[in-house]
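Please read them with the structure open.

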Amino acid sequence: MGVIKLEPRCPQRIDGMAIDPEPNWKFDSLLSELNSLETKLSSSTNVPAPFAKSWPRYISNGKSSGKSCKPFIMRVSEDEIYDTESEGEEDRSLVAATRFNCDAIYLSSDSDDESTFKDQSFLMDEVQIVEGALCELAHEHHLEDKEEIRNKISALETDLRSGSEKSTSALTQVEKYREARNEMDRKLDTQYQRKIAEALDNHLTAVQRDHELRSQIEERKIRSDAAYEEAKRREKALQEEKIRQEKSKAESEARLRAEEAIRAALEAERRAALEVERRAVKETAERQAIETSTRVVARAAQEEDAGRQMNANSAKKSQSASNVLWAAESALNSEQARIQKLKEVDEGNQALRLTYNKDLSSYEKLIGRLIRQISGSTEVVREKSREIIKIFNDRHCPQSVMVAAFAKLVVSRCTSPNTDAFACGHVIVLVTSQVPHAMDLLLAEFHRACIYTVPKHITYSESAFECEEAYYQALGYRVSDGKLESTKDYLTRLASYMELYGALIQTEVQGVQNTHGLKEGWAWIARFLNTLPANRYTAVALSAFLKMAGFALFRKYKSQFMKVLSNISNNFLQELKACEDPGLNATILEIQSYLEDKRFLKEPVGRALQSSLLSTVSIPEGPDPDYHRSSGRYY
């Protein structure tokens, strides 16, 4: 803080005397000056009497009254007061200014103004006029200085507040700048880190891509080497296979030549035996016909009136009843050709088994297992058919052996329980469409197992058969432990064979030709009704056949088939009833119910496989060319 010198503004001259004090007076010098001034005033005549003073001035030095005798000093900060108009003046450092001291007046604050004025009256009494004027001027100067100081302080406070506000604003701006700078630094740091991460990621990607490229190159190299090795291996395998095929071909040719030689010899023997058999059968038939004719003529002479009433058809039936063999000539020829072919294949297969080094029983067992797994599903039927054909085409086993085994196993399978005849019919059609000669072998097995699939029937004759057991064996009865099976068991097997045969005849597969289809079924039923007698065996065969194939025959032949059913109802059933055999009652009722209920209009259960494998059957409007009626017979 600096000390500001206060200079009272007094008039320069009073009554012709200069009263301007020295600017650097001290208090003692001021008193001595005042005393000298009073002396001068007292001696002067120009001073009026009332202002004359008879006693000397005494002003306490402050020790007795306790007041300070130091000069009046006001302290103001140098930062707040700066006088720009005082150029050339002395340096504004701390200056001690002493001009006057008012003993009775204490200038401390505005609240002391009244007391000051009160003391002035006392001073007026004590001092002279000059001193009073001087004090008044000093007081006014003091008040002006206080007012000026107060104004300067107010201005300084205003400047201080303004500076404080500016400082606060500046600090706020600095803080904002610092925060903006920090935010920018953070952003720059984040951007820098992002760039570093991107650069690192690009570097790692490049490294990974390089590794992948190298791996691909290595993998290609490995695959190339493996392909080269595989090509070499295949080439070697092809060469070995070619050599093996050539060797197998040479062996097959040698085996075929041997088989042809064996077959030629067997064929010669077979023809000779067949010729002998034919002659024997012909002689037996002629002899039986002569004997029967003789007996018929004798009986006709005795019963001449009864014979005249019999119609021509009954006469033919009674005359043919004496024959041993009941069958159409065309059916016998077909049977003979099929059985002969089967015999030849069997003989050739036996020779192959002897010359073949490999055991073929495993293939036969596999075929049997596949046949047992056949069920009424399209997928199963196709799968089993493909597997069987695959076995037929296997070069490791003779096809003739496998085909013969298939034919035998299929026919024997139909006597097993839970056999799906319609599904087996589909498998047979699919297999024989790829291996056509298998159908002849299959039909030959049918004829061997059941003579009514020809159709034919054999009657007992003592001259033709040594004993009844031989006769029943000729019909198809089985012998077990030296005993014949019962007629009930035989009829059950007969019905099973006829059901499978009927299912085969009516089977039609889309895109596949059935070589033994409805045409052969129509021929069978015509031959059956024209040649076979009505008895227990033929009744069971006809009932089983109609149950399986009647629906398909009606759809194809319509009115012609209805005529056949009419013939069955009017003739065949009547002849069955005339036999008066108690064992025929159930069969007669079954056939009669089939006709009366018109079951031929309903599709048999199991005929349609689960995936509708059967194709649409077109039914001709006109009569079938193979159907002819002449004199009540069907050909």
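A crossing of two helices is called right-handed if the near helix is turned clockwise from the far one by less than a right angle, and left-handed if it is turned anticlockwise. The term is needed in point 3.

1. The model is a predicted one. Its protein chain holds 17 helices and 10 strands. The chain has 635 residues, and 34% of them count as buried. Among contacts with a separation of 6 or more, 76% are between residues 24 or more positions apart.

2. In soluble globular proteins, nonpolar side chains tend to be buried together. Here the largest nonpolar core has 99 residues, and the members that touch the most others are Y452, M498 and I568. Helix 15, residues 536-557, gives the most to this core, namely 13 residues. For I568, leaving aside residues up to four places away in sequence, the partners are L529, L542, L546, L573, I591 and L595.

3. Helix 8 against helix 10. Helix 8 (residues 378-392) packs on helix 10 (residues 421-434) at an angle of about 40°, and the axes are 9 Å apart. This crossing of helix 8 and helix 10 is right-handed. On the helix 8 side, the contact is made by V381, S385, I388, I389 and F392. Helix 10 contributes A423, H426, V427, L430, V431 and Q434. Sorted by class, the contact of helix 8 with helix 10 has eight nonpolar and three polar residues, and no charged ones.

4. Helix 8 against helix 9. The axes of helix 8 and helix 9 (residues 399-413) cross at roughly 145° and come within 8 Å. The residues that meet are I388, I391 and F392 from helix 8 and Q399, M402, V403 and F406 from helix 9. In this contact of helix 8 with helix 9 there are six nonpolar residues, one polar and no charged. I388 and F392 of helix 8 are listed here and also in the contact with helix 10.

5. K408. Where in the chain does K408 sit? K408 is part of helix 9. Is K408 buried or exposed? K408 counts as exposed because its relative accessibility is 55%, and the cut-off for that class is over 50%. K408 and L442 are 34 residues apart in sequence, with a C-alpha to C-alpha distance of 7.0 Å.

6. Cis peptide bond. Most residues other than glycine have a negative phi, and most peptide bonds are trans. V454 and P455 are joined by a cis peptide bond, with omega about 0°. P455 lies in the loop that runs between helix 11 (437-449) and strand 6 (456-458).

7. Positive phi values. E580, a residue other than glycine, has a positive phi near 55°. E580 is in the loop between helix 16 (559-579) and helix 17 (585-596), and E580 is exposed, with a relative accessible area of 70%. K598 is not a glycine either, and its phi is positive at about 55°. The loop that holds K598 lies between helix 17 and strand 9 (629-630). K598 counts as partly exposed because its relative accessibility is 45%, and that class lies between the 20% and 50% limits.

How values were computed:
Residues numbered from 1 in each chain as written. Predicted model: local features only at pLDDT ≥ 70, side-chain atom pairs only at ≥ 80, totals over all residues. Heavy atoms only, no water. Helix = DSSP H or I, 4+ residues; strand = E, 2+ residues; numbered from the N terminus. Buried < 20%, exposed > 50% of the residue type's maximum accessible area, 1.4 Å probe, protein only. Contact = heavy atoms within 4.5 Å. Core = buried A, V, L, I, M, F, W, Y, C linked by side-chain atoms within 4.5 Å. Axes fitted to C-alpha atoms, helices over the stretch in contact; angles between N-to-C directions. Nonpolar A, V, L, I, M, F, W, Y, C, P; charged D, E, K, R; others polar.
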